Amino acid sequence: MARGKPVRWHIAVFLAPAVLVYTALMIIPLFGTLGQSLFNKGGEGGVDFVGLANFATLFGDPRWSEAFWNALGNNLWFFLIHMLVQNPIGIALAAILSTPRLRMAAFYRTAIFIPTILSFVIVGFVWKLILSPIWGIAPGMLDAVGLKSLFAPWLGREEYALTTLALISVWQFVGIPMMLIYAALLNIPDEVLEAAEMDGITGMSQFWKIKLPLILPSIGIISILTFVGNFNAFDLIYVAQGALAGPDFSTDILGTFLYRTFFGFQLQLGDPYMGSAIAGAMFAIILFGVCVYLWGIQTRLRRYQF
Amino acid sequence: MAKARLSPVRTIAAHAVLITYTIIALFPVFVIVVNSFKSRRAIFAEPLALPWPEHFDLVGYQTVLRQGDFFLYFQNSMIVTVVSLFFVLLFGAMAAFALSEYRFRGNTLMGLYLALGIMIPIRLGTVAILQIMVEGGLVNTLTALILVYTAQGLPLAVFILSEFMRTVSDDLKNAGRIDGLSEYRIFFTLVLPLVRPAMATVAVFTMIPIWNDLWFPLILAPSEATKTITLGSQVFIGQFVTNWNAVLAALSLAILPVLVLYLVFSRQLIRGITAGAVK
């Protein structure tokens, strides 16, 4: 900003409201929490600075580390299912929806997005009802097509529960990648597609060769949003399985682990200091993912200005 | 552009895929709404049957309307969601414009600073937020929720909107500058209309978590006068867990408003996208 140039006040005016609200209500409280992870209860009811001792306990002490690694492993599986199921389905639906002159496209788009607008309270409850062996819509339907033997109380079995919940979450959120990719596909100018057709590139190969490279930035965005969303997930597990993430912690992810530690459950009292340490670990994991995205992926993508 | 691009087989396949997925998406909602109109016995005997006259029963809805103050809850949710959404979109677009349009010292740093909030759940700071609200005397007010949700929505809004604003043609903005428009006019009259599809997308994505949030209403505004509809229905389900008629009716009533709200915005979304501003 060398001499002679006027101060560009408009930049400050544009930035100020967002930065102020965001700093006061998000950054300051968050760093308060991170700071708290470096403290623990001291003698005589005081609070001592303990450095990284809480993290050493979390990763090393068997009472904590077992639960932590279990939650982290479950969380990775949860994320993997979203990446392998939710995002491909979302992209495929968006590609089909963006077919020119498809009838009822608006209806499909609106309908497929509806699960995303439902609250976790509703989603957790309705899937518990459908999958319940007692009320039995799922067993009844499998019976009708002669596959009753395939039915199991999926939410109640250790080996299936986490995958089932991940698929419920995929069902709920598939609308988000669909909408973002759909908007990106519509923003591809007609001239580009017409030029492709002139060259005889149509149908599937048009999607793979022309459209997919152009929507890669959007795919990058949905990947990082999925990562962040999954590693912050909490509500669905809480609503469907409770804070104990049963059966036998098989659906425990970092969010529920944090909640239990922070607020306590049953007879165990809440521990804000260890809770803050878990929050700090989640923060580090997510920060790592976002850095991979920003420096590994985003900088290599080409952005096209039409 | 008038030529037919698709063979009939492809069109039929496309519809088949979309119809299948639509059924998967809507089936659970259908189950809740249909069963909420049936008698208790019919809910268990024939969960998939439509509420024909012999099963038809409104007892669930009667229980709900006697018990909860659903209209007040709905009004609270409405105020919180709409006001937060307004601030998120306005402040978010302004900041996104500053970041994507101007080169200034600290631009990248500011972008990263604002993007930080996408990845950290604001919930991690709940205890400190509660302290702030207690000091400010804002506990049990809708203002507390609006402030928190505005902060929560801003990072994603700035991130998505600045991605889209980078694709707005520079020539257009420079033409505006040559015509003597101020930077504010360029933002409000040239750029904002062009990123309308992105604004609609951000609106939908911001609105949903706010409307459905259980956490902050429970901690910051649990009083009867400030309960949101999500909190209200959660409390109700807890109290009536064995009364299936009432629970299903409460769930249907909780779905209805957000569905209407979504359909209203969805039309906006479709118009925004198909008007294809950028083209």
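Two residues count as being in contact if their C-beta atoms, placed from the backbone, lie within 7 Å. Keep that in mind for the views below, which come from a predicted model.

**View 1. Where the two domains of chain B touch.** Chain B is split by its domain assignment into domain 1 (8–57) and domain 2 (63–274). Here 7 residues of domain 1 of chain B are in contact with 7 residues of domain 2 of chain B. On the domain 1 side, helix 1 and helix 2 (40–45) of chain B are the elements that give two or more residues. Helix 1 of chain B gives the most, with 5 residues. Sort that domain 1 side by type and you get 4 nonpolar, 2 polar and 1 charged. As for the centres of the two domains, taken over C-alpha atoms, 31 Å separate them.

**View 2. The largest nonpolar core.** This core holds 160 residues, and those that touch the most other members are A18(A), A95(B), L145(B), V148(B) and L161(B). Which helix gives the most to the core? That's helix 7 (residues 142–165) of chain B, with 17 residues.

**View 3. A look around L161(B).** Leaving out residues up to four places away in sequence, L161(B) touches G92(B), A93(B) and A96(B), and also V195(B), A198(B) and V202(B).

**View 4. Chain B meets chain A.** The contact takes 72 residues from chain B and 61 residues from chain A. Helix 1 (residues 8–36) of chain B gives the most to the chain B side, with 11 residues.

**View 5. Chain A by itself.** Look for 13 helices and 2 strands in chain A. The C-alpha trace of chain A spans about 80 × 80 × 30 Å along its principal axes. Of its 306 residues, 40% are buried. Among contacts in chain A with a separation of 6 or more, 66% come from residues 24 or more positions apart.

View 6. The mean pLDDT of chain B is 83, with 93% of its residues reaching 70 or more. Confidence in chain B is highest in helix 4 (residues 70–101), at a mean of 92, and lowest in helix 13 (residues 244–274), at 74. Over residues 274–279 of chain B the pLDDT is below 50, and this stretch has 10 contacts in the model beyond near neighbours in sequence.

Methods
Residues are numbered from 1 along each chain as its sequence is written. Chains are lettered from A and ligands numbered from 1 in the order in which they are written. This is a predicted model: local features need pLDDT of at least 70, side-chain atom pairs count only at pLDDT 80 or more; totals for chains, interfaces and linings use all residues. pLDDT is the predictor's confidence in each residue, from 0 to 100. Helices (H or I, at least four residues) and strands (E, at least two) are DSSP runs, numbered from the N terminus. A residue is buried if 20 or more other C-beta atoms lie within 10 Å of its own, exposed if 12 or fewer, and partly exposed in between; C-beta atoms are placed from the backbone. A nonpolar core is a set of buried Ala, Val, Leu, Ile, Met, Phe, Trp, Tyr and Cys residues joined through C-beta atoms within 7 Å. Domain bounds come from an automatic or database domain assignment. Ala, Val, Leu, Ile, Met, Phe, Trp, Tyr, Cys and Pro count as nonpolar, Asp, Glu, Lys and Arg as charged, and the others, Gly among them, as polar.
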